[in-house]
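Please prepare a briefing on the structure shown here. It should cover helix packing, the nonpolar core, salt bridges and a few single residues.

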Amino acid sequence: MIVGILAAGEAKRFGKCKQTTEFNGKALLSHVLDAVPKSLDRFVVTGAHRQEVNQLLKFHDVPEVFNKNYSQGMATSLQVAADYALQSEQSLLVTLGDLPWVTTEDYQQLIQAFEERPIFAKFSGHIGPPAVFPVSFLQKIVEMKPACGAKTLVQNPETVLMANAGKDVDFPEDLMLLK
């Protein structure tokens with residue numbers, strides 16, 4: 001299994017590069033990188049703020065995969081991640097670069113529940129990332145219409161309750177939740 005962290009967004013609502021915004025002594029993306037199990041290979045999908053994110057990735061020794069279509073939405077970053085995982089013939093755990101409250105234990109719970117079919121986090125009555133997709137499913141993601149998203153490809157998806165996945169950073173004031 002390989003972990004793809006989606007961090008390509010333009011952060012229009014946030015107003016600046018949120019991935020590298022410091023909080024409690026480290027960048028927001030660093031909180032995510034530190035929570036993902038270290039035993040798994042990881043990569044970060046970059047886009048709008050590629051240069052700033054790449055400066056941060058040097059300190060984490062994590063490769064970057066560039067999404068040239070980042071302005072078309074998050075689904076294009078998921079497609080880039082799925083293609084990268086498909087090339088390495090590994091299942092893909094996908095998470096977002098603005099989910100600092102998701103813990104290592106949350107990721108481990110998701111990984112343990114994975115049984116070769118897509119599984120999503122469930123939070124506040126919704127499902128979404130983090131999610132795990134088997135190798136056999138990745139080509140469907142690569143070929144999907146970006147406006148659809150991966151959830152539309154899965155009938156009755158498996159889920160793991162993960163309340164922390166419902167808390168992301170969209171606006172600067174969302175960082176106050178980290179305290």
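Which elements do the buried residues of helix 2 pack against? They pack against strand 1, strand 3 (26–27), helix 1 (28–35), strand 4 (41–46) and strand 5. This is a predicted model, in which local features need pLDDT of at least 70 and side-chain atom pairs count only at pLDDT 80 or more, while totals for chains, interfaces and linings use all residues. Residues are numbered from 1 along each chain as its sequence is written, and side-chain values use heavy atoms, with hydrogens and water left out. Helices (H or I, at least four residues) and strands (E, at least two) are DSSP runs, numbered from the N terminus.

**Helix 2**

- The buried residues of helix 2 are V53, L56, L57 and H60; buried means under 20% relative accessible area, exposed over 50%, and partly exposed in between (1.4 Å probe, protein chains only).
- Seen down the helix axis, these residues fall within an arc of 105 degrees, so they line one face of helix 2. The arc is that of the directions from the helix axis to the C-beta atoms.
- On the face turned away from the buried side, helix 2 carries the exposed residues Q51, K58 and F59.
- D61 follows helix 2 and has a positive phi, near 55 degrees.

**Helix 3**

- The 14 residues of helix 3 should span 20 Å at 1.5 Å a residue, and the end C-alpha atoms are 20 Å apart, which agrees. The expected span of a helix is 1.5 Å times one less than its number of residues.
- Buried in helix 3 are A75, T76, S77, L78, Q79, V80, A81, A82 and A85.
- The cover over these buried residues includes strand 1, strand 4, strand 5, strand 6, strand 8 (126–133) and helix 5 (135–143).
- Just after helix 3, E89 takes a positive phi of about 55 degrees.

**S77**

- S77 is found in helix 3 (residues 74–87) and is buried, with a relative accessible area of 4%.
- The side chains of S77 and N67 are joined by a polar contact of 3.0 Å. A polar contact is a pair of N or O atoms within 3.5 Å; within protein, one must be able to donate a hydrogen and the other to accept it, and residues adjacent in sequence count only if both atoms are side-chain atoms.
- Leaving aside neighbours within four places in sequence, S77 is in contact (heavy atoms within 4.5 Å) with L6, A8, V45 and N67.

- In soluble globular proteins, nonpolar side chains tend to be buried together.
- The largest nonpolar core has 52 residues, of which I5, L29, V44, L78, L92, F133 and I141 touch the most other members. Helix 3 gives the most to this core, with six residues.
- A nonpolar core is a set of buried Ala, Val, Leu, Ile, Met, Phe, Trp, Tyr and Cys residues joined through side-chain atoms within 4.5 Å.
- Leaving aside neighbours within four places in sequence, the contacts of L92 include I2, V3, G4, F43, L78, A81, A82 and F133.

**Salt bridges**

- The structure holds four salt bridges; a salt bridge is a side-chain nitrogen of Lys or Arg within 4 Å of a carboxyl oxygen of Asp or Glu.
- K18 forms a salt bridge with D98, the closest N and O atoms being 2.8 Å apart. This pair links distant parts of the chain, 80 residues apart: K18 is in the loop between strand 1 (2–7) and strand 2 (22–23), and D98 is in the loop between strand 6 (92–96) and helix 4 (104–113).
- K18 counts as buried at 13% relative accessibility, and D98 is buried at 9%.
- R50 forms a salt bridge with E64, with the closest N and O atoms 2.6 Å apart. R50 lies in helix 2 (residues 50–60) and E64 in strand 5 (residues 64–66), so the pair ties together parts that are 14 residues apart in sequence.
- R50 is partly exposed at 33% relative accessible area, and E64 is partly exposed at 23%.
- R117 and E158 meet through their side chains in a salt bridge of 2.9 Å, N to O. Here R117 is in the loop between helix 4 and strand 7 (119–123) and E158 is in strand 9 (residues 158–161), 41 residues apart.

**N24**

- N24 lies in the loop between strand 2 and strand 3 and counts as exposed at 58% relative accessibility.
- N24 and A48 are 24 residues apart in sequence and 24 Å apart in space, C-alpha to C-alpha.
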